[in-house]
Amino acid sequence: MKPATYFLVNDTRYDNHHGGLTVIRNLHLGLARRGWTCTGSLPVSATAGQLRRQRREIAAARLIVVNGEGSLHHDGRNAGRLFDVCAALLAEPRPIALINAVWQDNDPVRWKPLLQRFAAISVRDRRSQDQLRTMGIAADCAPDLTFYDYPSFPAPARARYGCTDSVLKAWTEKVLRLCAQDPEIEFLTLFTKELRHRRGVRDWDKAVKYRLYPRLWTAFGLPVPPRYRSLPHADAETAAFLGRLASCRAVCVARYHALCFALQQNVPFVAVASNSHKSEALLEEVGLPLDRFLIGPDEFGRLKEKLEQAIRDYPAVQTTVAEFNRRAKERLEQMFDRLAGLP
């Protein structure tokens with residue numbers, strides 16, 4: 001039998017945001033604690049054709065681990081790429097495990113034959129688990145990998161509100177304008193200040209944009225995508241970002257991992273619906289009512305009112321949140337045990 005080695009698919013460190021960085025750090029940490037080592041990884045958004053460049057790393061692995069994260073919904077572009085990658089890897093003589101996944105509204109006729117060949121499947125919420133069950137696919141359920149290991153920050157004298165960027169560009173545009181006008185609201189972006197992980201030549205254009213676009217915006221006011229307008233507000237290190245989030249009186253979290261971080265840091269919050277059911281599903285997993293902790297984009301004009309309400313509501317749910325955080329770590333330990341026990 002080969003040594004305890006694995007190859008990682010969908011390495012989201014290459015998205016250069018603090019959520020993906022934390023997910024992958026914790027994935028490697030959980031398996032390292034069980035004596036497993038990683039032979040290599042396929043970056044997020046890579047295609048099946050790029051697998052040939054990593055033949056040796058794949059051949060050296062006993063197990064393929066696929067990080068589903070937020071990719072597997074509505075048969076989108078990222079879902080299609082992961083389908084093709086997994087289909088190609090199933091030709092290899094080693095088990096494949098899908099973990100840390102959302103699952104929503106993908107074509108069951110197309111996906112079921114592929115999923116049936118996986119050695120293990122673990123999704124992040126029961127909504128995803130239930131959709132797979134209706135397809136005849138059994139899946140375990142464990143929370144997002146950011147809940148496995150994270151620093152805790154003491155609650156300082158909290159002064160300002162916070163509001164994060166979003167995968168939805170229109171939301172980020174509105175928040176950037178709001179924070180520029182209202183000094184009580186601090187803009188928080190999950191993107192890192194610099195490209196910490198690059199895919200070599202393939203990322204040359206992104207590297208240029210990281211350096212050039214923020215300057216074009218700040219110096220000349222030229223229109224650039226909101227991601228690059230966000231970078232002057234970015235932190236280089238995840239700990240610095242978490243410290244800023246933890247210092248907020250309350251925070252509006254418009255990204256899924258920002259919601260995870262707010263729960264972990266015990267910060268009052270309201271969440272914004274995203275491009276899948278992931279945020280709603282996480283609130284349900286915690287046991288928080290959607291009508292009090294989830295807002296729609298149409299409620300943007302009442303944002304400060306909603307944040308003040310969150311501050312008033314949060315003490316009543318702190319014990320519920322703390323218990324979820326405790327159980328999340330236990331369930332993730334169990335998931336890693338199952339992974340390590342695969343043949």
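**Close-up views of a predicted model**

View A. The number of disulfides in the structure is zero. Cys163 takes part in no disulfide, and the cysteine sulfur nearest to that of Cys163 belongs to Cys252, 4.0 Å away. A disulfide would need the two sulfur atoms within 2.5 Å. Cys248 is likewise in no disulfide; for Cys248 the nearest cysteine sulfur is that of Cys163, at 9.8 Å. Cys248 also counts as buried, because its relative accessibility is 1%.

View B. Glu186 sits in strand 8, which spans residues 185-188. The relative accessibility of Glu186 is 14%, so this charged residue counts as buried. Once neighbours within four places in sequence are set aside, the contacts of Glu186 are Arg160, Tyr161, Gly162, Cys163, Cys179 and Arg244.

**View C. The aromatic pair of Phe147 and Phe324.** Ten aromatic pairs are found in the whole structure. Phe147 is buried because its relative accessible area is 0%. Phe324 is buried as well, at a relative accessible area of 7%. Elsewhere, ring pairs join Phe83, Trp103 and Trp111 into a cluster.

**View D. Ala271 in strand 10 and the residues around it.** Strand 10, residues 269-272, contains Ala271. With a relative accessibility of 0%, Ala271 counts as buried. Not counting residues up to four places away in sequence, Ala271 touches Val253, Leu259, Leu283, Phe293, Leu294 and Ile295. As a reference distance, the C-alpha atom of Ala271 is separated by 36 Å from that of Trp36, a residue 235 places away along the chain.

**View E. The largest pocket.** The space in the largest pocket comes to about 1300 Å³. Its lining is made up of 40 residues, and those nearest the centre are Asp15, Asn78, Val167, Arg227 and Arg255. At least two lining residues come from each of helix 3 (77-89), helix 6 (169-181), helix 7 (204-220), helix 8 (226-230) and helix 10 (256-265). Sorted by class, the lining comprises 16 charged, 14 polar and ten nonpolar residues.

**View F. The second largest pocket.** A volume of about 190 Å³ is found for the second largest pocket. Of the 14 residues that line the second largest pocket, Leu21, Thr22, Arg25, Arg196 and Thr238 lie nearest its centre. Helix 1 (18-32) and helix 9 (238-246) are the elements that give two or more residues to this lining. The lining has six nonpolar, five charged and three polar residues.

**View G. The largest cavity.** Three cavities of 30 Å³ or more are present in the structure. The largest cavity holds about 70 Å³ of space. Its lining consists of Val9, Asn10, Leu42, Pro43, Val44, Ser45, Ala46, Ser71, Asn78, Arg81, Leu82 and Val85. Strand 1 (5-11), strand 2 (37-43) and helix 3 each provide at least two of the lining residues. Helix 3 contributes the most, with four residues. In terms of class, seven lining residues are nonpolar, four are polar and one is charged. Asn78 lines the largest cavity and is also among the residues nearest the centre of the largest pocket.

**View H. The second largest cavity.** About 50 Å³ is the volume of the second largest cavity. Leu98, Ile99, Ala120, Ile121, Ser122, Asp140, Met335, Arg338 and Leu339 form its lining. Two or more of these residues come from each of strand 4 (96-101), strand 5 (120-123) and helix 14. The lining of the second largest cavity has six nonpolar residues, two charged and one polar.

Notes: Residues are numbered from 1 along each chain as its sequence is written. This is a predicted model: local features need pLDDT of at least 70, side-chain atom pairs count only at pLDDT 80 or more; totals for chains, interfaces and linings use all residues. Side-chain values use heavy atoms; hydrogens and water are left out. On a 1 Å grid over the protein atoms alone, a cavity is a set of points where a 1.4 Å probe fits but cannot get out, and a pocket is an open set with protein on both sides within 12 Å along at least five of seven lines; lining residues have an atom within 4 Å of a point. Grid points are joined across faces, edges and corners, and a volume is the space filled by probe spheres set on the points. Buried means under 20% relative accessible area, exposed over 50%, partly exposed in between (1.4 Å probe, protein chains only). Contact means heavy atoms within 4.5 Å. Rings of Phe, Tyr and Trp (its six-membered ring) pair if their centres lie within 6.5 Å; planes under 30 degrees apart count as stacked, over 60 as edge-to-face and the rest as tilted.
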